[in-house]
Amino acid sequence: MHWLKTVLLCLTLAACGFEPVYGPGGAGTALQNRVQIDPPNDREGFLLVQRLEERLGRAGDPAYRLAVNLSAGLQSRAIDPDGDVRRFHLIGAAAYTLTDSGTGAVIRSDQVNSFVGYSATGTNVATVAAQRDATQRLMTILADQIVLQLQASDL
């Protein structure tokens, strides 16, 4: 009986036009090792590009160019009775443009947004370490959102 459910699920997905991202002709296959990402300007950009390259691979013969404009800001979220900030939100946005390397034509342009939080309790060293970790988590989230949108697009 389990095999019947599996067959019905496959038929339903095939009927609705479902196409695996990494299947033949899928957007994941079209992008894999074919996207040249613009070099980063700072640590945040380096972390973002590093994650994008983990997901998309490094381009040997790039068919596409990905430019990312990154911005991040800090918001105080929890202030104790003494006026000390104990919790922060790191808010980030990444506007990106995917272009055809040969023609320069814009294929997709969009923006992703997210935030992460971290605590500022304990020593200054602990707070700096928490902020660095939060920055890495935020860049991973933004990069993963960019890749997801690119893979879901019609290339």
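Colleague: What makes the span of helix H3 close to the expected one?

Modeller: In this predicted model, H3 covers residues 43-56 and reaches 20 Å from its first C-alpha to its last, close to the 20 Å expected for its 14 residues at 1.5 Å a residue. Gly-57, with a positive phi near 85 degrees, follows H3.

Colleague: Why is the aromatic pair of Phe-88 and Tyr-118 called stacked?

Modeller: The ring centres of Phe-88 and Tyr-118 are 5.4 Å apart, and a pair requires centres within 6.5 Å. The planes of Phe-88 and Tyr-118 make 25 degrees; because planes under 30 degrees apart count as stacked, the term applies. Phe-88 belongs to strand S3 and Tyr-118 to strand S4, so the pair ties together parts 30 residues apart in sequence.

Colleague: How do you know whether Phe-88 is buried or exposed?

Modeller: Its relative accessible area is 16%, and buried means under 20%, so Phe-88 is buried. Tyr-118, at 4%, likewise counts as buried.

Colleague: What makes the contact of Arg-51 with Asp-144 a salt bridge?

Modeller: The closest N and O atoms of Arg-51 and Asp-144 are 2.8 Å apart, and the criterion is a separation within 4 Å, so the contact qualifies as a salt bridge. Arg-51 lies in helix H3 and Asp-144 in helix H4, so the pair ties together parts that are 93 residues apart in sequence. Arg-51 and Asp-144 also belong to a network of salt bridges with Glu-54 and Arg-55.

Conventions:
Residues are numbered from 1 along each chain as its sequence is written. This is a predicted model: local features need pLDDT of at least 70, side-chain atom pairs count only at pLDDT 80 or more; totals for chains, interfaces and linings use all residues. Side-chain values use heavy atoms; hydrogens and water are left out. Helices (H or I, at least four residues) and strands (E, at least two) are DSSP runs, numbered from the N terminus. The expected span of a helix is 1.5 Å times one less than its number of residues. Rings of Phe, Tyr and Trp (its six-membered ring) pair if their centres lie within 6.5 Å; planes under 30 degrees apart count as stacked, over 60 as edge-to-face and the rest as tilted. Buried means under 20% relative accessible area, exposed over 50%, partly exposed in between (1.4 Å probe, protein chains only). A salt bridge is a side-chain nitrogen of Lys or Arg within 4 Å of a carboxyl oxygen of Asp or Glu.
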